Amino acid sequence: MSDQEGALGGSGANDDELSLPKATVNKYVAELLGPSMSASKETLQLILDCCIEFIHLVSSESNEVCEKESRKTISPDHVLTALKALGFEKYIPELEEVLKDHKQIVKSDRDRKAAKMQDNDMTEEELVAMQQSLFAQSVARLNNGEPAPGPP
């Protein structure tokens, strides 16, 4: 499995299959160390393994919190509760701020998309027709200017 595939979200994956993008973790470590220091390959691998174990630990505890509440989906509150139970309560205020910022970004994106549709003078049917035309033009360009094949 490549670093880009990120096996953390897969169901039924063995612990040996779980991974994080090495390049991303190495970049964070390099940024924290600064230009005057470096870390050996073994050290970078150890940090990567610790990150994976931490995610596994928080995920497992979050799942337990979720199950205790008879829920099927882990929510941010479950993760925050899990972090408190694991002794990471000093990080909670910063994480709550990050969560608040994230929710605001999602809300503004949703509002922007809704406003874009409301401000559009085209009907839904006209929009669908335009989309199909754009798809056909794209397929034609991919086929070196040849028209797209018709339905069978």
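Axes here are lines fitted to C-alpha atoms, for helices over the stretch in contact, and angles run from 0 to 180 degrees between N-to-C directions. Helices (H or I, at least four residues) and strands (E, at least two) are DSSP runs, numbered from the N terminus.

The model is predicted, so local features need pLDDT of at least 70 and side-chain atom pairs count only at pLDDT 80 or more, while totals for chains, interfaces and linings use all residues. Residues are numbered from 1 along each chain as its sequence is written, and side-chain values use heavy atoms, with hydrogens and water left out.

**Whole chain**

Start with the protein chain coloured by secondary structure. It has five helices and zero strands, in the order α-α-α-α-α from the N terminus. Of its 152 residues, 13% are buried (buried is under 20% relative accessible area, exposed over 50%, partly exposed in between, with a 1.4 Å probe and protein chains only).

**Stop 1: α2 and α3**

Select residues 41-68 for helix α2 and residues 76-85 for α3. Two packed helices are described by the angle between their axes and the distance between the axes. For α2 and α3 the angle is about 110° and the axes are 8 Å apart. The two are therefore roughly perpendicular to each other (angles under 35 degrees count as roughly parallel, over 145 as roughly antiparallel, 65 to 115 as roughly perpendicular and the rest as oblique).

Which residues make the contact? On α2 they are Phe54, Val58, Glu61, Ser62, Val65 and Cys66, and on α3 they are His78, Val79, Thr81, Ala82, Leu83 and Ala85 (contact means heavy atoms within 4.5 Å). These residues divide into eight nonpolar, three polar and one charged. Ala, Val, Leu, Ile, Met, Phe, Trp, Tyr, Cys and Pro count as nonpolar, Asp, Glu, Lys and Arg as charged, and the others, Gly among them, as polar.

**Stop 2: His78**

Stay in helix α3 and select His78. Is His78 buried or exposed? His78 is buried, with a relative accessible area of 4%. Not counting residues up to four places away in sequence, His78 touches Ser62, Val65, Cys66, Glu69, Arg71 and Thr73.

**Stop 3: Ser70**

Now select Ser70, in the loop between α2 and α3. Ser70 is exposed, with a relative accessible area of 65%. Its phi is near 55°, a positive value in a residue other than glycine. Most residues other than glycine have a negative phi.

**Stop 4: α1 and α2**

Show Lys22, Val25, Asn26 and Val29 of α1 with Leu44, Gln45, Ile47 and Leu48 of α2 to see the contact. Its residues divide into five nonpolar, two polar and one charged.

**Stop 5**

Side chains of opposite charge can pair when their charged atoms come close. A salt bridge is a side-chain nitrogen of Lys or Arg within 4 Å of a carboxyl oxygen of Asp or Glu, and by this rule the count comes to two.

Select Lys107 and Asp111 in helix α4 (residues 92-119), four residues apart, about one turn of the helix. Their closest N and O atoms are 2.9 Å apart. Lys107 is partly exposed at 41% relative accessibility, and Asp111 is partly exposed at 38%.

Then select Asp109 and Arg112, also in helix α4 and three residues apart. This salt bridge has its closest N and O atoms 3.7 Å apart. Asp109 is partly exposed, with a relative accessible area of 32%.
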